[in-house]
Amino acid sequence: MIHHTFNLNAYSDTECLHHFRFTARQIVTVAAALCLPHVIYFRASSRQKFSLDRITSLCILLKRLAFPNRLLDLDEFFGIDSSTIDHIIITMVESLLFE
């Protein structure tokens, strides 16, 4: 379930570097350089389909990769339940590796 509350603009560059290892401007640049669509669809072929903007999706992946976070920590940070966070991370990695 998604109770999406994440807003990258609410974080300073120092906070962004701490959480994601990139500044907010760099995250936007990376999302564009990776040609991520503005809206990313997850579980598109199921009844549980949902979508997130590319910045939030990328930030979830970057925070997971920046240092070991438990999915529950990411759940609290992004306002998205841990099983959905897990699916977002797996889908993002697969799309970056295979598309």
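Me: Which residues do ring pairs link into a cluster?
Reply: Phe-6, Tyr-11, Phe-20, Phe-77 and Phe-78. Rings of Phe, Tyr and Trp (its six-membered ring) pair if their centres lie within 6.5 Å; planes under 30 degrees apart are stacked, over 60 edge-to-face, the rest tilted. Bear in mind that the model is predicted: local features need pLDDT of at least 70, side-chain atom pairs pLDDT 80 or more, while totals for chains, interfaces and linings use all residues. Numbering starts from 1 along each chain as its sequence is written, and side-chain values use heavy atoms, without hydrogens and water.

Me: How many aromatic pairs in the structure?
Reply: Eight. One of them is Tyr-11 with Phe-77, stacked at 5.6 Å centre to centre with 25° between the planes.

Me: And what about Phe-77 and Phe-78, what angle do their planes make?
Reply: 70°, with the centres 4.9 Å apart, so that pair is edge-to-face.

Me: Is Phe-77 buried or exposed?
Reply: Buried, because its relative accessibility is 17%; the cut-offs are under 20% for buried, over 50% for exposed and partly exposed in between (1.4 Å probe, protein chains only). Tyr-11 has 21%, so Tyr-11 counts as partly exposed.

Me: What lies over the face of Phe-77?
Reply: Lys-63, at 4.5 Å from the ring centre. To count, NZ of Lys or CZ of Arg must be within 6 Å of the ring centre and within 35 degrees of the ring normal.
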